[in-house]
Amino acid sequence: MLETLTVQDSVELAVVERSGFIESRHVGAAVVLSPDGDVVARHGNADALILPRSSLKPLQAVACITAGAVLDGEQLAISTASHTGTDRHASVVRDILTEGGLTEDHLGCPPAWPSDSATRDEMVREHGEPSRVRMGCSGKHAAMLRACVATGWPTEGYLDPAHPLQVHIREVVERLTGEKVAHTAIDGCGAPVHAMTLTGLARAIHRIGTASDRSPFALHRVAGSLVRAVREHPWTIEGPGRPDTIAIEKLGVFTKYGAEGVMVMVAPNGTTVALKMLDGATRASTIVAATLLARSGGLTDADVATLGDALPLTVRGGAADVGAIRPGAGL
């Protein structure tokens, strides 16, 4: 059976400090690429296989657009999002579907409550129910359906790994990572997710994050347009007050977290990081990624401090601040 990196392959990426006592440690692996795409730092086994989970979405979104889905602005940005299901998110996803002659019933992702607490509370007060359009991956699924409509592929069964859309996505993933897919699993939203090395994921995200929307190459133009759309509409990628949205708003990075502790981030100058927290925790991923970018010249220490102040990294003891989540000794 294939598996991800082991404890022995890992280094300490973050710690949780409470009242001067290290209470918890997050171990894992990370890799940093220069603006030119060269590996400049490795922490732990960056050649171990991982499932990128939602950090794969930028690759899937690029594949959907190259397959014919015509999306722009907020619609393009939400195609790569793990959104919080606010009314604004749901409205953009519905528009993607409607403009393609589709309905929410076509979505293959499971019904869900919004992860945005205010939106969920309002829905409960109004006796609402979980719906597919509120699920955080609905933008990705809507883009997949639009690609099927544009290309003439059947919308039924679009999540089957053997469906022409998923075959196309896999080919694009292999082109961007420079690796053959080692294994295909099923993500939490029902879509295929492909195993790759952490270095392969970093390579793919670097190619997307440094692409120009004026490139003579179609794949690069699509990737450049996607990154520009996310930077122009950071609320789409996750939601107000959430780490990905905060990082984009504060630092102008292109970033995408994935479940089980995966994170990718591209600095404005092209320096790129990909990391995996072995325990699957996401609470330290954003600050660790930004710290690694700063240590390789992609961000400044002031940038990291600004981001840290905006993220929920404080450890509380009663009504007082008694500690913090911070990068670990393995960096």
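This is a predicted model: local features need pLDDT of at least 70, side-chain atom pairs count only at pLDDT 80 or more; totals for chains, interfaces and linings use all residues.
The helices here are DSSP runs (H or I, at least four residues), numbered from the N terminus.

Residues are numbered from 1 along each chain as its sequence is written, and side-chain values use heavy atoms, with hydrogens and water left out.

Helix α5 itself covers residues 138-151, and its 14 residues reach 20 Å from the first C-alpha to the last, close to the 20 Å expected, the expected span being 1.5 Å times one less than the number of residues. Of those 14 residues, 11 are buried, so α5 is largely enclosed by the rest of the structure; among them are Ser138, Gly139, His141, Met144 and Cys148. After the helix comes glycine 152, whose phi is positive, near 85°.

Turning to one of the neighbours, the axes of α3 and α5 come within 9 Å and cross at roughly 10°, with axes taken as lines fitted to C-alpha atoms, for helices over the stretch in contact, and angles running from 0 to 180 degrees between N-to-C directions. That makes α3 roughly parallel to α5, a term for angles under 35 degrees. On the α3 side the contact is made by Val93, Ile96, Leu97 and Glu99, and on the α5 side by residues including Ser138, Ala142, Leu145 and Arg146.

Helix α6 (residues 164-177) holds glutamate 171, which is partly exposed, with a relative accessible area of 48%. Glutamate 171 and valine 181 are 10 residues apart in sequence and 8.9 Å apart in space, C-alpha to C-alpha.

For helix α7 (residues 198-209), the end C-alpha atoms are 16 Å apart, which agrees with the 16 Å that its 12 residues should span. Here 10 of the 12 residues are buried, so α7 too is largely enclosed by the rest of the structure.

Finally, the rings: the charged end of arginine 88 sits over the ring of tryptophan 235, 3.9 Å from its centre, a description that requires NZ of Lys or CZ of Arg within 6 Å of the ring centre and within 35 degrees of the ring normal. The charged end of lysine 256 likewise sits over the ring of tyrosine 257, 4.3 Å from its centre.

Technical notes: Helices (H or I, at least four residues) and strands (E, at least two) are DSSP runs, numbered from the N terminus. Buried means under 20% relative accessible area, exposed over 50%, partly exposed in between (1.4 Å probe, protein chains only). Angles under 35 degrees count as roughly parallel, over 145 as roughly antiparallel, 65 to 115 as roughly perpendicular and the rest as oblique. Contact means heavy atoms within 4.5 Å.
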